[in-house]
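Please read the points below alongside the model. They take up helix packing, the domains and the ligand shell in turn.

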Amino acid sequence: PNVVNKIAAGEIIVAPVHALKELMENAVDAGATSLEIVVKDGGLKLLQITDNGCGIEKDDLAILCERFTTSKLQKFEDLQSIATYGFRGEALASISHIAHLSVTTKTKSSTVAWRAYYESGKLSPPKPGQSSDPKPVAGRQGTQITVEDLFYNIPTRRRAFRSVSDEYNKIIDMVGRYAVHCAHVAFSCKKQGESSTSIAIQSHATRSERVRQIHGGSVASELLEFSTSDARWHFTAEGLLSNANYSAKKTILLLFINHRCVESSNIRKSIEHTYSSFLPKGGHPFVYLSLQIDPERVDVNVHPTKREVNFLNEDEIIQAICEHIRSKLAAVDT
Ligand code: ADP
Ligand code: MG
């Protein structure tokens, strides 16, 4: 069964950025207002994320990395509303099958922090011969997850990564997306051993200030805020749009559906089409779009690495959003 688990995990986590995305979502779900990320070798050697969220109870540590361990399902109906979150209770389990995972965590009521090591879904001793029980350590409230040697037991996968800097760039891109979306959370991301950070966003930075820090001043100075909704199609949408004075070489679309970063080629194409009548030929927009849809109407592809999302009344919702974008752009144009 461990071989099966390992293969399944390797399909869910194809690159370090996929593990990091899950860990960031967990930290945000835990109510963290600060996420500190440290990376070595594009995340293949080390991915470490430290949050100041609610922490994990000591008693929950033993089963933390078993499949389907989740504190986020209260009742059966929730199974429906979790649709947007993709798979549930599988991220930490998956990571523990293809990396060395350790967790240091402290809840508000606990007097100490607890550290635990995992291997293939179970608590494991930090060194051979030692106890696998969680150990008390000093620490602040929150959780630190350390993922080392990702894919150490899938050598073919490991060898397939030719450039650690490509993997690091994917990580920076994903951290930047969440940093724009989670506008009350501080984010930092850096390479291990380096003092300079690749991303450093303070908790009080506004969303457009975050865009300025991550994507530069020329886009940030041209942003339009928008928000629209339609009860018929059970959605609300809000975000930031570049106007016709700004034009990029490639479309930058930061798309969140129910607070998860996803891809939708239909939304991307329609937004590009909408902008095409406002931008010079070959020009592309910057769009941050946060869409909330009744979760029962969202269908996440079962394959978690394909972040393509489908939802009911997709055509109507996309059309409504693009109509709104068109009117915003037209209002500036005249
Ligand atoms: P899921 O997020 O789908 O519940 P995960 O495998 O990602 O599944 O996490 C399992 C559980 O571990 C979560 O439900 C949560 O209770 C706990 N957990 C994981 N990461 C954190 C964190 N950073 N802070 C607090 N609790 C966490
Ligand atoms: Mg999770």
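1. Helix 1 (residues 2-12) packs against helix 4 (residues 91-98) at an angle of about 115°, with the two axes 8 Å apart; axes are lines fitted to C-alpha atoms, for helices over the stretch in contact, and angles run from 0 to 180 degrees between N-to-C directions. Helices are DSSP runs (H or I, at least four residues), numbered from the N terminus. Helix 1 and helix 4 are therefore roughly perpendicular to each other (65 to 115 degrees), and their crossing is left-handed (the near helix is turned anticlockwise from the far one by less than a right angle; clockwise would be right-handed).

2. In this pairing, N5, K6, A9, G10 and I12 of helix 1 meet S94, H97 and I98 of helix 4, contact being taken as C-beta atoms, placed from the backbone, within 7 Å. The contact residues divide into 3 nonpolar, 4 polar and 1 charged, where Ala, Val, Leu, Ile, Met, Phe, Trp, Tyr, Cys and Pro count as nonpolar, Asp, Glu, Lys and Arg as charged, and the others, Gly among them, as polar.

3. The model is predicted, so local features need pLDDT of at least 70 and side-chain atom pairs count only at pLDDT 80 or more, while totals for chains, interfaces and linings use all residues. Residues are numbered from 1 along each chain as its sequence is written, and chains are lettered from A and ligands numbered from 1 in the order in which they are written.

4. Helix 2 (16-29) packs against helix 6 (residues 164-181) at about 25°, with axes 9 Å apart. Helix 2 and helix 6 are therefore roughly parallel (under 35 degrees), and they pass in a right-handed crossing. P16, V17, L20, K21 and M24 meet E167, K170, I171, M174 and Y178, a contact with 7 nonpolar, no polar and 3 charged residues.

5. Helix 6 also packs against helix 7 (residues 207-215), at an angle of about 160° and with axes 8 Å apart. That makes helix 6 roughly antiparallel to helix 7 (over 145 degrees).

6. An automatic or database domain assignment divides the protein chain into domain 1 (2-201) and domain 2 (216-333), whose C-alpha centres lie 29 Å apart.

7. Ligand 1 is surrounded by 21 residues, the closest being N26, A30, T70, S71 and A91 (C-beta atom, placed from the backbone, within 6 Å). Helix 2 and helix 4 each supply at least two residues of this shell, which has 8 nonpolar, 8 polar and 5 charged residues.

Conventions:
Contact = placed C-beta atoms within 7 Å.
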